[in-house]
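This report describes selected features of a two-part kind: contacts between elements, and local details of the chains. The structure is shown first.

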Amino acid sequence: MSDFLRDYLTVGLFAAAPFVLVGLMLGLGALLRPNRRQAQKYIPYESGVDPVGFEWSQSQVRYYIFAVLFVMFDVEAVFIFPWATRLEAYGLFGLIEMLIFVFILLLGLIYAWRKGVLRWV
Amino acid sequence: MSTASMTAAALVDPVLGFELAYWQQTTIKVVLALVIVPTATAIVVQTFLFKMMAGMQSRMGPMEAGPYGALQLMADGLKFIQKELLAPSAADRRVYALAPVVSLIATFMVFVVIPVGPNGFAANLRTGIFYALAVSSLSVVGVLMAGWSSANKYALIGGIRAGGQLIAYELPLVLAVIGVVIQAGSLNLQDIVVAQHSGEIFGWGGIGSPYIITQFVGFLLFMISIQAELTQPPFDMPVAESEVVGGWQVEYSGLQFLFFYIAEFGAAFGFSAIASTLFLGGWAIPFVDLDAGIMHIVGPLVLFGKTMAVAFLIFWVRFSYPRFREDQLQQFAWKFLIPLALANIVVTGILKVVF
């Protein structure tokens, strides 16, 4: 196996490590913790009073537009990273190219700002 | 010292002096991670949350368990492990049980790329810092899972608030790092450490070039963003106890609550380690050769010291400022931090090309 794949195998093993930690601790806890079922323990917590309405209540997502803007800037970041590592080689040409790219995306932010979507609605 | 040669050298253990197979090395590393992440959490909580917070608020902090309360966390751990695990009857049980694990996964995966010495890393990924930022944002998935699956109004509101906050501050975090990447010319964290050690600030190479000096704006942006990513005050709107009673954590009890705790403060330690690697020179110390044999032992200690210094800043801010309102928090990210981060990239790029 190449070093490259091996490194990512290590990453995968690190991602699996929490399952071991959680399994060990929950397994140990199972020997120690009580398990006494009472109906009152399983009602949703609403500051100590009886819950109002249905458990699966709905809430308004007020900033979905931020999520759209986030995708825009996150993709920008993905493009900037490889450019940033090679800036010395690209020199002035690369710099001007990226300035144009950043400027266009900044226009998007300014447009959203002027439209008032960055306000809490 | 190139990346390729270091990866090959990693197969021969410099301290033990004999070769370890890949699976032996990796087993040691995974077991070490299983010990280090909870230990790091314990150190952060004991030093900062118990004692430093108490000192800043003119109290004693925990004093009963052990000398000066040194065993308080043992007592807390014993308490957590004896608590009954509860889930609301309407909860989506599988997602509810998996959410703390997902948060822990995000924390553990960040630790993979942090270099602690000349050969001290779990995996010397070429994408280094890019990978770290990508996996750290997995934590938002765990938070949304917890908030949604609890079938609780506080949890849902807290989870959605957290989602909005984490994506808003992800951007200044990512963009602040680009300044460092431009200066170092590499994404690999080991290369960034080497570049800071051998760097020069406008021709003066006295102490190398720790990027906190040349990238001070980037450092500030990074610190503000990790404060928000960790939902520490003043950015603790999603878990505000006086409004949403702990937000997405409200229904969790016992060990499952502890897992969120480990994920949060383990991530605080991990992010502090990344901040000290990016801006303070990582495990290297000025005037000491990077390949010197002693760095295998001193390196991790140096990194630990720098990490604690950065974590001190995080918790100092945490104890000093009142909470942001939700709309102020979003506007601060979008109207101030992101334009500032873009300006920082442009200025760094121009200076890099001109000089």
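## Helix packing in chain A

In α2(A), the residues A:L69, A:M72, A:F73, A:E76, A:F79, A:I80, A:W83, A:A84 and A:T85 meet A:L87, A:Y90, A:G94, A:L95, A:M98, A:F101, A:V102, A:L105, A:G108, A:L109 and A:A112 of α3(A), where contact means heavy atoms within 4.5 Å. The contact comprises 16 nonpolar residues, three polar and one charged; Ala, Val, Leu, Ile, Met, Phe, Trp, Tyr, Cys and Pro count as nonpolar, Asp, Glu, Lys and Arg as charged, and the others, Gly among them, as polar.

The axes of α2 (residues 64-85) and α3 (residues 87-115) of chain A come within 10 Å and cross at roughly 170 degrees. These axes are lines fitted to C-alpha atoms over the stretch in contact, with angles from 0 to 180 degrees between N-to-C directions. The two helices, α2(A) and α3(A), are therefore roughly antiparallel, a term for angles over 145 degrees. Helices are DSSP runs (H or I, at least four residues), numbered from the N terminus.

## Basis of the model

The model is predicted: local features need pLDDT of at least 70 and side-chain atom pairs pLDDT 80 or more, whereas totals for chains, interfaces and linings use all residues. Residues are numbered from 1 along each chain as its sequence is written, chains are lettered from A and ligands numbered from 1 in the order in which they are written, and side-chain values use heavy atoms, without hydrogens and water.

## Cavities

Five cavities of 30 Å³ or more are found in the whole structure. A cavity is a set of points, on a 1 Å grid over the protein atoms alone, where a 1.4 Å probe fits but cannot get out; lining residues have an atom within 4 Å of a point. A volume is the space filled by probe spheres set on the points, which are joined across faces, edges and corners.

The largest cavity has a volume of about 260 Å³. Of its 19 lining residues, B:S139, B:E229, B:A263, B:E264 and B:A267 are the closest to its centre. α12(B) gives the most to this lining, with five residues. The lining divides into 11 nonpolar, six polar and two charged residues.

## Salt bridge and backbone details

One salt bridge (Lys or Arg side-chain nitrogen within 4 Å of an Asp or Glu carboxyl oxygen) links A:K41 to B:E84, with closest N and O atoms 2.7 Å apart. This pair crosses between chains.

A cis peptide bond, with omega about 5 degrees, joins B:P233 and B:P234.

How values were computed: Angles under 35 degrees count as roughly parallel, over 145 as roughly antiparallel, 65 to 115 as roughly perpendicular and the rest as oblique. On a 1 Å grid over the protein atoms alone, a cavity is a set of points where a 1.4 Å probe fits but cannot get out, and a pocket is an open set with protein on both sides within 12 Å along at least five of seven lines; lining residues have an atom within 4 Å of a point.
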